[in-house]
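Let's walk through this model together, one region at a time. Keep the structure open beside you as you read.

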Amino acid sequence: MRIRVVAPEGLGEGELEIWRALRAKSGAPRNPFMEPEFTCAVGRVRPAARVAVVSEASEGAIGPGTRGVATEAAGFFPFETGPLGHGRAIGLGVSDSQGAVLRPGLHVQARDLMRACSLSAWEFDNLEDGQTPFLPHAAEAFESPVIDVSDGFEAYEATLREGSPKFYRTTKAKERRLGRQSGEVRFVFDERDPAALTQLMEWKSAQYRRTGRRDRFAKAWIRDLVLQLAETRSPDCSGVLSVLYVADRPVAAHFGLRSRTVLSCWFPAYATEFAKYSPGLVLHLRMAEAAAAAGIDMLDLGRGAAEYKDSLKTGALKVYEGSVVRPGPRAALHRLSREPARQAHSFVRNRPRLASLAQRTLNRIGKLRER
C-alpha cells in the first residue's frame, strides 16, 4: 500500500473516475459532499485543501507483451491542513458528510493516514456512518433527519398525513392563503437566475445576525464556494437552487447539492415579511415533490435539531463528531484548543433548559446587532 498527498487539482481524470466508482460501490447514501466535485471546489477556495490517495499494488499486464506490478488508486481521503499539523475535514463548517472513500474491504488505519498526511490531528463534525477507520475516535453521535421519497411523493404525503396531520393541514392551508392574499404561488426546483441566489444569501446572512449566530456568508471562501457549486453540473454533485415565488417575487429559497439519489439540504431562508405563511415549510414540501419527480430518493436535512425537521422527517442517518489524534506534544495542544469548547457545547446541547436559555441569549445578541 502506498499513500501520496496531492492538492485536489493534482488528481488525474482517471483517479476522479475511480473515486466516483468507489463511492458508487460503498453502499452508503450518495451524499454529494462525498463526491470529488465538492473536494475540488473546496480546493479552489481553500489553498490548504489536500487529498491522500491510497494505492494498492496489483499484478497484471503493464504494457504490450509485458507483465509486472502496477498500482491503482484504492482510496481517497480529503482533508485540510492547519497550523502545527492540525487537520480538519474538507470544508469543515459547511460540509454535511465527511470521511474517506475507500475500496470495500480495504483496511486502512486512521493513524497511518495521519502519519502519511503529516497530521497530528484530524477534526470532523459530520463523519458519515460506516467510516470504520475513524468511528473509534468519535466523541459524539448525532441524528441527521431525512425525508424518504423513494416510493414517490404521494407515499410521503400519506406518511405526513398519518404522522403529522396537524402540521400537514396547517402548512397546506397557509400555502393556499398565501396565494389568495399575495398572488400566484410558483415554484422552481432548479432556478438558474443569479439574482435569486444573491437574494438567498442576503436572507441567510440576516437570519444568522438575527439569531446571534456567526454569519457564514461573511467569509469570502464560503460565499465563493457556493457560487462555484451553483455552476457545477455533474450527475453526482450538482448545485440546486430552489425558489418559491409569489406574484414573481421570491419569498423563500434553498440552495443545496444533489447527486443522482440524494438532495443534501444546505442553506434555506425566506423573506421575514411573509413569515406568517411559513414559506420555508411550503418550499420544503414543494422541494420533496420535485425531488421525487427527478428520481431522487432522499432529502438529507442535515445535522441539528429544529422543529421543522421533526415535522418533515421520515427517519434519520447517524453522523459523528470527534477527532483522530496521534500521540505527541502537538496532540496535547489540539486537545487543549478544541476539547473544552466541544465539551461545553455538548453539556449545553444535552440539557434542554440550558439550550433554550442559550438560544434566547443568542436572539438578544442578534437584536443588538440589528440596532
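Start at Ser118, which sits in the loop between H3 and strand E6 (121-128); helices (H or I, at least four residues) and strands (E, at least two) are DSSP runs, numbered from the N terminus. The phi angle of Ser118 is near 60 degrees, a positive value in a residue other than glycine. Ser118 is also exposed, with a relative accessible area of 54%; here buried means under 20% relative accessible area, exposed over 50% and partly exposed in between, with a 1.4 Å probe and protein chains only. Ala247 likewise has a positive phi, near 50 degrees. You will find Ala247 in the loop between strand E10 (237-246) and strand E11 (249-258), where Ala247 is partly exposed at a relative accessible area of 48%.

A word on the ground rules. This is a predicted model, in which local features need pLDDT of at least 70 and side-chain atom pairs count only at pLDDT 80 or more, while totals for chains, interfaces and linings use all residues. Residues are numbered from 1 along each chain as its sequence is written, and side-chain values use heavy atoms, with hydrogens and water left out.

Now turn to the interior. In soluble globular proteins, nonpolar side chains tend to be buried together. A nonpolar core is a set of buried Ala, Val, Leu, Ile, Met, Phe, Trp, Tyr and Cys residues joined through side-chain atoms within 4.5 Å. The largest one here has 66 residues, and those with the most contacts inside it are Phe38, Tyr156, Leu225, Phe255, Trp266 and Leu299. Helix H8 (residues 279-293) gives the largest share of this core, 9 residues. For a closer look, pick Trp266: leaving aside neighbours within four places in sequence, its contacts (heavy atoms within 4.5 Å) include Phe33, Phe38, Val94, Leu225, His254 and Phe255. A second, separate core holds 22 residues, among them Ala52, Leu102, Met114 and Phe134.

Leu102 also leads us to the second largest pocket. Its lining has 23 residues, of which Leu102, Gly130, Gln131, Thr132 and Pro133 lie nearest the centre. Strand E5 (101-102) and helix H3 (110-116) are the elements that give two or more residues to this lining. By class, the lining has 10 nonpolar, 8 polar and 5 charged residues.

Next come the charged pairs. Side chains of opposite charge can pair when their charged atoms come close. The structure holds 22 salt bridges, each a side-chain nitrogen of Lys or Arg within 4 Å of a carboxyl oxygen of Asp or Glu. Arg103 forms one with Glu56, their closest N and O atoms being 3.0 Å apart. This pair links distant parts of the chain, with Arg103 in the loop between E5 and H3 and Glu56 in strand E2 (residues 49-63), 47 residues apart. Arg103 is partly exposed at 31%, as is Glu56 at 25%.

Because the two are 3 residues apart in helix H3, about one helical turn separates them. Elsewhere, Asp215 and Arg209 meet in a salt bridge at 3.7 Å, N to O; Asp215 is buried, at 15%, whereas Arg209 is partly exposed, at 37%. Finally, salt bridges that share partners join Glu13, Glu17, Arg20 and Glu37 into one network.

Notes: On a 1 Å grid over the protein atoms alone, a cavity is a set of points where a 1.4 Å probe fits but cannot get out, and a pocket is an open set with protein on both sides within 12 Å along at least five of seven lines; lining residues have an atom within 4 Å of a point. Ala, Val, Leu, Ile, Met, Phe, Trp, Tyr, Cys and Pro count as nonpolar, Asp, Glu, Lys and Arg as charged, and the others, Gly among them, as polar.
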